[in-house]
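Work through the exercises below with the coordinates open. Try each task before reading its solution.

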Amino acid sequence: MGAQAHLIVGSLPGNIAANVARFVGLGLEFAFTELDIRMTLPATDALLATQATNYATITNACLSSSGCVGITVWDTSDDYSWVPSVFSGQGAALLFDANKQPKPAYKAVADALAAATINGSFNSWYTPGGSTSTTTTTTTTTTTTTTTTSATSSATPISLRGLNALAKAKGRYFGTALDGLWSNTDTVYQALSGNFSEFGMVTPGNAMKWDTIESTQNVFNYAHGDYVVDWSHTRGQTVRGHTFVWHSQLPSWLTSGTWDSATLTSILQNHIANEGGHYAGKLYAWDVVNEIFNEDGTWRSTIFYDTIGSSFVSIAFNAAHAADPVAKLYLNDYNVEGTGSKSDAYYSLAQTLLSQGVPVHGMGAQAHLIVGSLPGNINANIARFVALGLEWAFTELDIRMTLPATDALLATQANNYATITNACLSSSGCVGITVWDTSDDYSWVPSVFSGQGAALLFDANKQPKPAYKAVADALAAATINGNFNSWYTPGGSSSTTTTTTTTTTTTATTSATS
């Protein structure tokens with residue numbers, strides 16, 4: 001029994017599985033023979049989502065019976081569909097759009113097939129030698145060429161869906177980190193990284209760190225930082241500042257000096273006042289202090305802690321707020337995504353700072369993670385910081401794997417990215433997610449972790465990976481709206497007039513975990 005299944009989005013018949021079962025009960029096979037599910041154009045996200053659900057319903061109806069042998073869609077892509085020529089104003093009925101890109105319905109069908117628990121009995125596959133006969137007796141020799149592709153290259157390309165657009169619709173941002181733009185000639189990378197629909201927030205990877213900004217004492221060079229800010233603002237993107245106080249990438253004049261507490265405090269305040277003042281009103285937020293605790297929650301030994309004591313944190317936050325009263329001010333670290341000794345230390349510190357009236361506004365979890373090894377209690381950890389009145393953000397997300405990237409690793413990576421995304425979406429206080437660069441060929445991971453990589457959402461060819469779809473699906477399905485709305489507006493862009501007192505350019509060393 002063949003059911004053509006020329007259907008309409010949102011108007012499926014009832015009792016489909018029962019109908020399949022009764023024909024199969026007669027000893028017949030059942031097949032959906034001409035499936036398409038049309039909609040009134042234009043195709044909207046809502047219609048496409050309903051269409052995906054409808055395609056899943058038909059697929060599951062077939063999968064409910066071992067006697068349903070298969071499903072045939074009535075052509076491959078929307079530009080070849082018969083629907084528009086017969087039903088005026090209707091179309092978009094198939095699994096691939098007019099550009100041959102898979103639609104949400106494709107994923108819905110794939111997910112249903114993958115989850116099937118009842119096996120069918122179809123096994124009548126064509127085998128060479130059983131092909132349709134012809135009137136010719138010519139012998140044809142067929143040469144089969146096998147092309148090997150990497151696991152990161154899907155046979156079916158994944159469509160771009162606009163991660164920031166999806167996040168923005170739910171009151172959040174989705175961003176990327178960028179570095180070296182001033183010398184970058186990769187136009188594909190720049191077009192993708194500067195696409196506001198995909199990335200609405202930009203973090204300069206190294207251009208605002210101390211050794212770049214103040215490589216010589218009291219001589220400030222903002223050339224690279226200004227470039228990133230202006231480049232981003234030109235594309236409508238908002239910018240996060242990174243970072244005022246870190247134990248790494250400090251200039252030699254600072255690390256080799258002999259300072260007492262009062263002098264180093266003055267140096268710290270002066271640096272923040274100058275850089276924070278230069279970018280005042282141009283940035284959404286600053287990572288004020290970065291990586292200040294050890295894994296066990298004790299204070300990291302740094303020039304700032306060892307000389308000034310723990311009060312360097314409140315000194316830095318107060319100086320940052322004085323320099324830019326509008327910017328959100330963050331604590332930032334890795335291995336603080338879930339609950340544990342290190343995140344407990346930050347929670348206690350945040351409580352103390354807030355009780356002292358120190359202007360701290362957010363907790364940043366870097367989220368440099370490993371495929372298959374996510375921390376526990378991420379949602380609960382977010383919730384407790386948000387309960388203090390702080391924002392939460394995933395600030396440097398990447399999820400690395402041991403190479404080569406296999407389909408299984410990529411699938412696990414996709415699930416891990418979805419977990420992090422859903423953790424953010426579990427709380428209205430999580431304002432957004434930033435991945436630590438756009439594509440795998442720009443990731444810091446391979447240079448630091450030998451034999452590891454493939455950590456980002458786009459592969460080295462700038463093609464979206466399964467993790468991209470997983471993030472997009474999670475964002476699209478969000479039910480808890482965030483409250484982020486601090487988007488850049490023209491008039492607040494970086495001035496092209498530099499306030500530097502030198503033209504010397506310092507090349508920053510590539511950051512490790514930050």
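Predicted model: local features only at pLDDT ≥ 70, side-chain atom pairs only at ≥ 80, totals over all residues.

Residues are numbered from 1 along each chain as its sequence is written, and side-chain values use heavy atoms, with hydrogens and water left out.

**Exercise 1. Strand S6**

Determine how many residues of strand S6 (residues 173-178) are buried, and find its strand partners.

*Solution.* 
- Strands (E, at least two residues) and helices (H or I, at least four) are DSSP runs, numbered from the N terminus.
- Apply the burial cut-offs: buried is under 20% relative accessible area, exposed over 50%, partly exposed in between (1.4 Å probe, protein chains only).
- Six of the six residues of S6 are buried, so the strand is largely enclosed by the rest of the structure.
- Pairing requires at least two DSSP bridges between two strands.
- S6 pairs in parallel with S14 (residues 430-435) over four bridges. There, Gly175 has Thr434 as its bridge partner.
- Four bridges also join S6 to the parallel strand S7 (residues 201-204). Leu178 stands opposite Pro204.

**Exercise 2. Salt bridges**

Take the pairs Glu391 with Lys328 and Lys465 with Asp440. Work out which parts of the chain each pair ties together.

*Solution.* 
- The criterion is a side-chain nitrogen of Lys or Arg within 4 Å of a carboxyl oxygen of Asp or Glu. The structure holds 13 such salt bridges.
- Glu391 and Lys328 meet at 3.9 Å, N to O. Glu391 lies in strand S13 and Lys328 in strand S10, so the pair ties together parts 63 residues apart in sequence.
- Glu391 is buried at 13%; Lys328 is partly exposed at 30%.
- Lys465 and Asp440 meet at 2.8 Å, N to O. Both lie in loops, and the pair ties together parts that are 25 residues apart in sequence.
- Lys465 is buried at 0% relative accessibility, and Asp440 is buried at 13%.

**Exercise 3. A nonpolar patch**

Place Leu28 in the chain and identify its patch.

*Solution.* 
- Leu28 sits in the loop between helix H1 (16-25) and strand S3 (30-40). Leu28 is partly exposed, at 40%.
- Patch residues need over 30% relative accessible area and no salt bridge; like charges are joined within 9 Å, nonpolar side chains (Val, Leu, Ile, Met, Phe, Trp, Tyr) within 5 Å.
- Met1, Leu26 and Leu28 form the patch, with about 320 Å² of accessible area together, by the Shrake-Rupley method with a 1.4 Å probe, where for residues only the protein chains shown count as cover.
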